[in-house]
Amino acid sequence: MLASGSGTNLQALIDTAEVRAHITMVVSDRPDAAALTRAEEADIPRRVVQFADHLDREAFSATLADVVEDSGAKGVVLAGFMRVLSPVFVDRFPGRILNIHPSLLPAFSGARAVEAALAAGVEVTGVTVHFVDYQVDQGPIVAQVEVPIVEGDDPGTLHRRIQEVEHLLYPELVKAFVKGDLYLDGARVVGP
Ligand code: GRF
């Protein structure tokens, strides 16, 4: 599992026994990530790989891939990981990287998806789970769930409602992923 932030999705995954049993390690690019504390409380091995310790994104991605591979993991689940992974990383785990994004992709890709949906004035946004490929937030889509934007929403209230959906959706899909019931066949998603 790769995580940079508060780790609420990571927590939902840790709390799912069938997923927890398969987590080899939590890796973060931020030593202060609350996600690391959650991993520690669950007795899961942890590593920090900082971008600043590397020459460029390729070198960072290569270290990250080594750390993941050395943990024994065969697949990677991104849970609020805020760094772009270069093909150097993606090629090491082809079709075996899952991500969750707080919008209905392809709408509002990028780091500030919740703010962007509000600024655009749309009535509905949501959550997307997808496989990761070379293009940021553009890999094959596994599932999407809508979240309506309501009168008076600000980024905080909207993101909280989005995360409630994430915490139900991601564990179910990651459960299928670790069981081998969710995978990529070429560009085609084969799911439960
Ligand atoms: C989530 O909303 C996820 O969609 C996005 O980053 C956020 C991470 O939140 N990729 P958390 O760290 O899981 O609480």
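**Salt bridges, sheet and pockets**

Author: A search of the whole structure, which is a predicted model, finds 10 salt bridges.

Reader: What distance separates the closest N and O atoms of Asp 153 and Arg 161, and is Asp 153 buried or exposed?

Author: Asp 153 counts as buried because its relative accessibility is 14%, and the cut-off for that class is under 20%. Arg 161, at 24% relative accessibility, counts as partly exposed. The two residues form a salt bridge, and their closest N and O atoms are apart by 2.8 Å.

Reader: Which residues are linked in a network of salt bridges with Glu 172?

Author: The side chain of Glu 172, which is partly exposed with a relative accessible area of 47%, meets that of Lys 175 in a salt bridge of 3.3 Å, N to O. These two are three residues apart in helix H7 (residues 155–179), so about one helical turn separates them. The network of salt bridges that includes Glu 172 also links Lys 175 and Glu 18.

Reader: How is Arg 188 classed by its relative accessible area, given that it meets Asp 185 in a salt bridge?

Author: The side chains of Asp 185 and Arg 188 meet at 3.1 Å, N to O. Asp 185 counts as partly exposed, at 42% relative accessibility. Arg 188 has a relative accessible area of 52%, and because the cut-off is over 50%, the class of Arg 188 is exposed.

Reader: Which strands are the edge strands of the open sheet of four strands?

Author: The sheet has the order E3-E4-E5-E6, with mixed pairing. E3 and E4 pair in the parallel sense over two bridges, whereas E4 and E5 pair in the antiparallel sense over four bridges, and seven antiparallel bridges join strand E5 (residues 124–131) to E6. The edge strands, each of which pairs on one side only, are strand E3 (76–77) and strand E6 (141–148).

Reader: How many residues of strand E4 (residues 97–101) are buried, and what is the bridge partner of Asn 99 in E5?

Author: Ile 97, Asn 99 and His 101 point one way from E4, while Leu 98 and Ile 100 point the other way, and all are buried. The count of buried residues in E4 is therefore five of five, under the cut-off of 20% relative accessible area. Val 76 stands opposite Ile 97 in E4, and in E5 the bridge partner of Asn 99 is His 130.

Reader: Which element gives the most to the lining of the largest pocket?

Author: About 790 Å³ of space lies in the largest pocket, and of the 37 residues that line it, the closest to its centre are Gly 80, Phe 81, Met 82, Ile 100 and Pro 102. The elements that give two or more residues to this lining are helix H1 (8–14), E4, helix H6 (113–120) and H7. By class, the lining residues divide into 16 nonpolar, 14 polar and seven charged. With four residues, the element that gives the most is H7.

Reader: How many charged residues are in the lining of the second largest pocket?

Author: About 480 Å³ of space lies in the second largest pocket, and of its 24 lining residues the closest to the centre are Lys 74, Gly 75, Val 76, Phe 177 and Val 178. E3, H7 and strand E7 (183–185) each supply at least two residues of this lining. The lining has 15 nonpolar and seven polar residues, and its charged residues number two.

Notes
Residues are numbered from 1 along each chain as its sequence is written. This is a predicted model: local features need pLDDT of at least 70, side-chain atom pairs count only at pLDDT 80 or more; totals for chains, interfaces and linings use all residues. Side-chain values use heavy atoms; hydrogens and water are left out. Two strands pair if DSSP finds at least two bridges between them. Buried means under 20% relative accessible area, exposed over 50%, partly exposed in between (1.4 Å probe, protein chains only). A salt bridge is a side-chain nitrogen of Lys or Arg within 4 Å of a carboxyl oxygen of Asp or Glu. On a 1 Å grid over the protein atoms alone, a cavity is a set of points where a 1.4 Å probe fits but cannot get out, and a pocket is an open set with protein on both sides within 12 Å along at least five of seven lines; lining residues have an atom within 4 Å of a point. Grid points are joined across faces, edges and corners, and a volume is the space filled by probe spheres set on the points. Ala, Val, Leu, Ile, Met, Phe, Trp, Tyr, Cys and Pro count as nonpolar, Asp, Glu, Lys and Arg as charged, and the others, Gly among them, as polar.
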